[in-house]
Amino acid sequence: MELVPYLAFLSAVAALGVAVFFFNDVKKASPGNERMVFIMTEIQKGAKAFLKQEYTWVSAFVVVLALLLAVFVDPLASISYVLGAFLSAAAGYAGMTVATMANARTTEAAKDGPGKALPIAFRGGAVMGFSVAGMALAGLSFVYLLFVVWLETDSAFEIVTAYGLGASSIALFSRVGGGIFTKAADVGADLVGKVEAGIPEDDPRNPATIADNVGDNVGDVAGMGADLFESYAGSIIAPISLVAFAVGISASGADGAPSATDSGVISLLMFPFAVAFVGMVASIIGSFLVKGGSSTDSRALSKALHLGTNVAMGLTVLGTLALSFWMFSDLEQPVGLALSVVGGLIVGWALGKCAEYYTSDHFGPVKKIANQTETGAATTVLSGISTGMISVLPSVLLIVIGVGVAWYGGEWAFGDTASFGALEGGIYGIAVAAIGMLATTGVVVSVDAYGPIADNAGGIAEMAELDPSVREVTDALDSLGNTTAAVAKGFAVGSAALTALALFKSFEFAINQAGGEPLDLNIGNVEVFVGLFLGAMLPFLFAALTIDAVGRAAQEMIEEVRRQFREIPGLREGKPGVIPDSARCVAISTKASLREMIVPGALAVVVPLVIGFISVDALGGFLAGALVTGFALAIFMANAGGAWDNAKKYIEAGHHGGKNSDAHKAGVVGDTVGDPFKDTSGPSLNILIKLMSMVSVVVAGLIVRYSLMAMGIF
């Protein structure tokens, strides 16, 4: 049993080895002609310059929070925090590097059809997927081994949780900053280029085109990677911290407390690592099964792309069943915990399929929005909003079913005989269900990161003025990419709900362990009631701030594109030798996104601290309110945005008048409204609710000490 973290670490190293293998495989492919290489290089330069500036800004925040943790919590917690932040940033940078290299190579391969192009785009995404999963699991395994097993630090589990806090910090700023960058450029390019100038998407005459393609990499690759890094690490940390704080574990077993190696609890602590190990191995196997075919039909492409995910899920189910019987043979029904994990995996898959139904142009919701474009932008926007809202219903029902199955599985496993302090089997079942959702993170992120690479490939095909048949192939890959992104967001937001619930219980136990009064979460308690309303409000405030940020940045971009069309002779007409000032547009998006990400990012850390020092009960209500509304709002925004985007692409494929029709112009308006929904605000909300819970768990002891001092006990 003690070998499990070592096995998890080795599987993480193997995942990083797979990432290196795929990197070299993609690098060997031809990047195309001189024009394609030039465009690829410009996108690379812009993406690297942005990430360098973003990480410089965020590092200041990381240093300040690390110092606060060192002074007020534990110096070792600051080390764990910085490691989590550094690895999250490194994974995002690695993924961005290969994505900006794979885009032109995918375009070149598309000349020979989707059978050549799809594997290159997928393997480019797989570098991101296995960098994220490998670095997250390797770092977490190392932190656990160092502080819990080797050093036996008394505050070891607060230190382990700080690793997740570091990952969450980077994830939030990367998602918000990258999302503002990409959507400001996208909105500016679409509104001026498609609607006003009547030129195609990614036309080389459009000054915002390069910035738009840079944004795909810093937002949808680096930002998404940091998001899933945090989600994956958080899903493993949540059940570990839950067990530690519920049972009152001390790594060294000091003062008679149970130690991390006691036979009664070691299986509970090791099970999350064991599931992660099985999921990693399954993901590695699944990733080698993705191969392209000869058809550009999105159903055939989807089947080829999802084969790896489906195989990985099947292997994970079998592995989890074996693990439950091996690790919990002393429990009444070991299969109960396997049921919790598998239930989480199936619900995560079902959330993805639900997102696919509401965002794919093969189904009614997107076709309905496309039909509404014939009566103008207003009905298009209304139809998209209603579609997003309706999608919340099945998503919430799936989460409720998942929670119910996970609770039942945990209770069934523990039965009436198992006793682990204050820990209930049902809550532990819910915590490990979140790991089930993200056990196959390596291949899930690979499929997600494939999307921006395919999108960039289409942009390069247009800007390099290649044969239209190439763009036909890249458009088919790109359309599928929008759906795969929605599926990955379903996994991420579903796991966020379960992880946040487990962290909420960890916070409650941490307060008790620190000597504080038990939380009173009765809604009749006025402090809880006030906290509940404040928590329900915060996701809306956060979403409003990020949408406004995109709006302001897009306004600057629109004015700059208009200025260049107006002042550069021959640009709009496409005269030979006349090129736009793309660097100016990249600089506008960079400056705006870095400026605008500070306030929304700081909210997640500052607000829980302020409320916690005023009232612990209010903080409990606050976290509950934020969890519920944050989940619902994230689902609404992600699915509405994806539906608008694919409705526009459905029209561009020749329906309802095709490109440059009035319906197309209305579809572009709907897409620009949905852009910040699906790529900035929506995906940031799942990080928000987990980050606030992480902060609360890490500082629980500090809050209790402050409360006792205020009462004059200290």
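A salt bridge is a side-chain nitrogen of Lys or Arg within 4 Å of a carboxyl oxygen of Asp or Glu. In this predicted model, a network of such bridges links Lys 183, Asp 186, Asp 478, Asp 645, Lys 648, Lys 649, Asp 671, Asp 675, Lys 678 and Asp 679. The whole structure contains 27 salt bridges.

**Charged pairs**

Side chains of opposite charge can pair when their charged atoms come close.

| Glu 462 | Arg 471 | 3.2 Å |

In the pair formed by Glu 462 and Arg 471, Glu 462 is partly exposed, with a relative accessible area of 22%, whereas Arg 471 is buried at 14%.

**Helix packing**

Two packed helices are described by the angle between their axes and the distance between the axes. Helix H15 (residues 526–567) packs against helix H16 (residues 582–596) at an angle of about 165°, and their axes are 10 Å apart. Angles over 145 degrees count as roughly antiparallel, and H15 and H16 are therefore roughly antiparallel to each other. Their crossing is right-handed.

Helix H11 (residues 377–414) and helix H19 (residues 662–698) have axes that come within 8 Å and cross at roughly 40°. H11 is therefore oblique to H19. The crossing of H11 and H19 is right-handed.

**A buried proline**

Helix H13 (residues 441–463) contains Pro 452. This proline is buried, with a relative accessible area of 7%.

**Nonpolar surface**

A nonpolar surface patch of about 910 Å² is formed by Leu 3, Tyr 6, Leu 7, Phe 9, Leu 10, Val 13, Phe 142, Val 149, Trp 150 and Leu 151. Helix H1 (4–28) and helix H4 (114–150) are the elements that give two or more residues to the patch. H1 gives the most, with five residues. Leu 10 lies in helix H1 and is exposed, with a relative accessible area of 54%.

Key: Residues are numbered from 1 along each chain as its sequence is written. This is a predicted model: local features need pLDDT of at least 70, side-chain atom pairs count only at pLDDT 80 or more; totals for chains, interfaces and linings use all residues. Side-chain values use heavy atoms; hydrogens and water are left out. Patches are made of residues with over 30% relative accessible area and no salt bridge: like charges are joined within 9 Å, nonpolar side chains (Val, Leu, Ile, Met, Phe, Trp, Tyr) within 5 Å. Accessible areas come from the Shrake-Rupley method with a 1.4 Å probe; for residues, only the protein chains shown count as cover. Helices (H or I, at least four residues) and strands (E, at least two) are DSSP runs, numbered from the N terminus. Buried means under 20% relative accessible area, exposed over 50%, partly exposed in between (1.4 Å probe, protein chains only). Axes are lines fitted to C-alpha atoms, for helices over the stretch in contact, and angles run from 0 to 180 degrees between N-to-C directions. Angles under 35 degrees count as roughly parallel, over 145 as roughly antiparallel, 65 to 115 as roughly perpendicular and the rest as oblique. A crossing is left-handed if the near helix is turned anticlockwise from the far one by less than a right angle, and right-handed if clockwise.
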